[in-house]
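Hi,

Here is the structure I promised to pass on.

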Amino acid sequence: MKTKILVVEDELSISELIKFNLEKSGYEVVVADTGTMALELVEQFTYSLMLLDLMLPGVDGLEVCRKVKLNNKTASLPIIMLTARNEEIDKIIGLELGADDYMTKPFDLHELLARIEANLKRTSNTSCQNDTLTYRDIEINNSLVYIKEVLVPFTSTELKILRLLLQYPQKIFSKQNLYESIWNETYAYDDDTINTHISHIRKKIKAITNEDYIQTIWGIGYKIK
């Protein structure tokens, strides 16, 4: 069975170019040209990854991302955002909402395929980790995260970062350590991506426990308290 990818893009020339190249690489591709259509499709069918343009008519990409990540049924769906170069603040907000990765337009198709493969591999590796990991009030069971016995939606990237930190609670992870362990590519000094995912994990834990489980070691990185 082919890996199914949902492409959410309202510019026909871009969506057709992406669809052609993804299908050429062996993926099954479904295209949605509005945010509303994308939300309907993720409710009806299962996808391995979503490519999400931020500038959409009606329901924009940020709102699509927010709704997908708040839904327990779809929260683990990897989302790669497609942003214009002048949408830096939207990129940060998108990562805050739970997007796993982003690319700026215009993008190189070879890089896009590499990012897709990396995110699919990361998701696959996460789903294969079916052991239970418990630390204080947090339990990771397969790909589900329970905090004080409350099921909390985590993206695949957030889950992998949290699992890594919890497995080695005494270890300080630099941003480079985290990036290269999670993304399996050379660290490009993109602090926004790491900072935003860490911030999102912190907020989810603190909302239940009222504690900050992750300690920032200034100038070095992060560790679990």
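The crossing of α6 and α7 is right-handed (a crossing counts as right-handed if the near helix is turned clockwise from the far one by less than a right angle, and left-handed if anticlockwise). On the α6 side the contact is made by Thr157, Lys160, Ile161, Leu164 and Leu165, and on the α7 side by Leu178, Ser181, Ile182 and Trp183; contact here means heavy atoms within 4.5 Å. Sorted by class, that makes 6 nonpolar, 2 polar and 1 charged residues. For the classes, Ala, Val, Leu, Ile, Met, Phe, Trp, Tyr, Cys and Pro count as nonpolar, Asp, Glu, Lys and Arg as charged, and the others, Gly among them, as polar.

Before going further, the ground rules: this is a predicted model, in which local features need pLDDT of at least 70 and side-chain atom pairs count only at pLDDT 80 or more, while totals for chains, interfaces and linings use all residues. Residues are numbered from 1 along each chain as its sequence is written, and side-chain values use heavy atoms, with hydrogens and water left out.

The axes of α6 and α7 (residues 175-183) come within 10 Å and cross at roughly 125°. Axes are lines fitted to C-alpha atoms, for helices over the stretch in contact, and the angles run from 0 to 180 degrees between N-to-C directions. The two helices are therefore oblique to each other (under 35 degrees counts as roughly parallel, over 145 as roughly antiparallel, 65 to 115 as roughly perpendicular and the rest as oblique).

Among the buried ones are Glu158, Lys160 and Arg163, along with Leu159, Leu162 and Leu166.

Arg122 ties into this region. Arg122 sits in α5 (residues 109-128) and counts as buried because its relative accessibility is 0%. Setting aside residues up to four places away in sequence, Arg122 touches Asp100, Thr157, Lys160, Ile182 and Trp183. Arg122 and Thr157 are 35 residues apart in sequence, yet their C-alpha atoms are 7.5 Å apart in space.

There is another helix pair to look at. α2 (residues 35-44) and α3 (residues 61-70) pack at an angle of about 20°, with their axes 9 Å apart, and are therefore roughly parallel to each other. This crossing is right-handed too. Gly35, Ala38, Leu39 and Val42 in α2 meet Val64, Lys67 and Val68 in α3, a contact that divides into 5 nonpolar, 1 polar and 1 charged residues.

Over in β2 (residues 28-32) you will find Val31, which counts as partly exposed because its relative accessibility is 24%. Leaving out neighbours within four places in sequence, Val31 is in contact with Val7, Glu9, Ser15, Lys19 and Met37.

Most residues other than glycine have a negative phi, and most peptide bonds are trans. A cis peptide bond joins Lys105 and Pro106, with omega about -5°; Pro106 is in the loop between β5 (101-105) and α5. Arg136 is not a glycine but has a positive phi of about 50°. Arg136 is in the loop between β6 (132-135) and β7 (138-141) and is partly exposed at 44%. Glu149, also not a glycine, has a positive phi of about 70°. Glu149 is in the loop between β8 (144-147) and β9 (150-152) and counts as exposed at 76% relative accessibility.

Last item: Gly219, in the loop between β11 (214-217) and β12 (221-224), counts as exposed at 88% relative accessibility. Gly219 and Lys175 are 44 residues apart in sequence and 9.8 Å apart in space, C-alpha to C-alpha.

Cheers

Notes:
Buried means under 20% relative accessible area, exposed over 50%, partly exposed in between (1.4 Å probe, protein chains only). Helices (H or I, at least four residues) and strands (E, at least two) are DSSP runs, numbered from the N terminus.
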